[in-house]
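Subject: Structure handover

Hi,

Here is the structure I promised you. Please open it alongside this email. My notes follow below.

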Amino acid sequence: MTREEIIEKGQVVYKKPTLLNDTPMHYCPGCSHGVVHKLVSEVIEEMGMTDKTIAISPVGCAVFAYKYIDVDWQEAAHGRAPALASATKRLWPDRLVFTYQGDGDLACIGTAETIHALNRAENITIIFINNAIYGMTGGQMAPTTLLGMKTATCPYGREVSLHGYPLKITEIAASLEGTCYVTRQSVHTVAAINRAKRALRKAFEYSMQGKGSNLVEIVSTCNSGWKMTPEKANKWMEENMFEFYHLGDLKDKGAEK
Amino acid sequence: MADQEITLMKGNEAIAHAAIRCGCDGYFGYPITPQSEVLETLAAEKPWETTGMVVLQAESEVSSINMVYGGACTGKKVMTSSSSPGVSLMQEGISYMAGAELPALIVNVMRGGPGLGTIQPSQSDYFQACKGGGHGDYHLIVLAPASVQEMADFVDLAFTLAFRYRNPAMILADGAIGQMMEKVVLPPFKPRRTEEEIIKECPWATTGRVGMRKPNIITSLELRSEEMEIINNRIQDKYRKIEESEVRYEEFMLEDAEYAIVAFGSAARIAKKSIEVARAQGIKVGLLRPITLWPFPVKEVCKLAGQVKGILSLEINAGQMVEDIRLAVEGRIPVRHFGRLGGIIPDPDEVVDALKRLF
Amino acid sequence: MAKMKGATVVDTERCKGCNLCVVACPLDVLALTTKEVNRKGYNFAHEVLADTCTGCASCATVCPDGCITVYRLKTE
């Protein structure tokens, strides 16, 4: 059996989701953003919500998310995406509304907007890409930068006495009455990617069922910022990030009877 | 006029009632003196049960303006209100909305600054409102009400202009107009637009890809310089059009005037009384009241320079609008400023004294 | 016994040569080119052991840029 025959007679078992358009993404080779973009596109398509989705992009590496996923997008100011999402969802309650934000955007400059939108039980989903660094501006310290981790603004490693502790905003989110589903996932293996996809689907569904706010954190790599190959970055993430940022569901109020 | 209901209320309350009546879809605000009655009145009126209008108290002015940004992206009629320090916090969001060309209404019931300043009335945010305020080359359409009636009337007008030009509009009032009670005839009820109407009227809005149309994207970002210049030039062309078409002003006793006062909002009311006092003393003075502060009535002030011997800019600040008057007059006649600071409202007698002293 | 035969098609112009698909493949089907580059200058992924591919789609699942389409055929 030749390769050509398999392609001609076989089933397509995987292809790029159609909602993810052909525009080349500006992300660095191996960046986790691309995988999450694919998952978001797949879930919207599978839910049949393409014509009912309003997405909000952040300031940070994902600022141009609107160029790649073919839904309506609002490009927010740095950290303010949850405020835009809150108003949008209240004004268009039958729309699927989500934000897509990085750690600097969500857990630093936008902490107030994030926590209050979540605690108001806005029926939205916040997708949180945590790669422990400011990618777009060139690898500076983020609120989620691990102790000892070197960045452009903590070149000798993050120290408590100088920089304080990394912020587990997802744990804070889980403690809020307004949140329905809070989970921490990753996209570094096939199994992890499948779990992350199920988490996104669940969050989107809860938001459409009016069950409250949902936060899906994706512990991610920034191989350029970390100055590693994509493969090494994945290993480094497994060995260092997961120890501090434990994977799994922190809260699932939607599943409670 | 016979069947019109006349009620007595504060300027801030009039803003809230007018918003409900003109089909506003959403209000997002944060308490700050002297404008908190806007949010309080809306909360008490519960318009979400009648017209379906959304009312939400945000966690900060930063958040309220960004809620307005989000709502405006979807083509809905949305607004916020605040007072000076709160409006300073909103400047980032206002700049984004101007850059993304979004219609929305921001009400600033001014108090004295700088800093935390005072909760007493002031007009010291003229520069902020008319000269940009936030970063970048942009303008808001700025309306200056001088009565509770105008507070009510300008809500619908501001939305109309905002949607006509896809540009944020501001009602620039002050603590006196916001807090004073006057007779007011509220505007008639206008239903909120249906979602179908919004989708039709605002084909640019992020409403979801209804009918699987191509995606709509609202952004103020463009990294390619040539494209960014094209966008900026288009926005500037829009501003020129607004300057040509939307200047609004009131003239008072200018026919035989030898001197003119230019004043807006509360100061214009004081000017009218001052003119009465001055004329009783034989000083022929009249008033030009800009209603739109941007676009500023440049041509009208310029024309005045050919008629009167001098112009007094009466403002409740240290002299801000006076710069626009001087630009319009181009040095042909003396232009002086008189104002009080710290939240003090000028007295008509001291205005007349200033007229005598400065010219 | 039924056997799964697979094939991958890489959009080589979209590929950024991150190598994650190569790492993800359990059967070493894919490798990056060593000399050839695409128009962006990246070494790109391609099949080097095409016969062993079972069409498990691991490579395509982990590909951040959605460059890989996977086909699968059941054979006796």
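Which residues does Ala158(B) touch, leaving aside those up to four places away in sequence? They are Leu105(B), Leu143(B), Ala169(B) and Ile171(B). Keep in mind that this is a predicted model.

Next, the core. The largest nonpolar core holds 214 residues. Ala158(B) is among those with the most contacts inside it, along with Leu105(B), Val142(B) and Ala260(B). Helix α7 of chain B, residues 148–165, gives the most to this core, with 10 residues. Why does the core lie between two domains? Domain 1 (5–195) and domain 2 (249–358) of chain B both give residues to it, so it lies between them.

Now the domains themselves. The domain assignment of chain B sets domain 1 at 5–195 and domain 2 at 249–358. Their centres, taken over C-alpha atoms, are 27 Å apart. The contact takes 24 residues from domain 1 of chain B and 21 residues from domain 2 of chain B.

Look at the side of domain 1 of chain B that touches domain 2 of chain B. Four elements of chain B each supply at least two residues to this side: α6 (126–130), β6 (141–143), β7 (168–174) and α8 (175–179). α6(B) gives the most, with four residues. What is the make-up of this side, by nonpolar, polar and charged residues? It divides into 16 nonpolar, seven polar and one charged.

Best wishes

Key. Residues are numbered from 1 along each chain as its sequence is written. Chains are lettered from A and ligands numbered from 1 in the order in which they are written. This is a predicted model: local features need pLDDT of at least 70, side-chain atom pairs count only at pLDDT 80 or more; totals for chains, interfaces and linings use all residues. Domain bounds come from an automatic or database domain assignment. Two residues are in contact if their C-beta atoms, placed from the backbone, lie within 7 Å. Ala, Val, Leu, Ile, Met, Phe, Trp, Tyr, Cys and Pro count as nonpolar, Asp, Glu, Lys and Arg as charged, and the others, Gly among them, as polar. A nonpolar core is a set of buried Ala, Val, Leu, Ile, Met, Phe, Trp, Tyr and Cys residues joined through C-beta atoms within 7 Å. A residue is buried if 20 or more other C-beta atoms lie within 10 Å of its own, exposed if 12 or fewer, and partly exposed in between; C-beta atoms are placed from the backbone.
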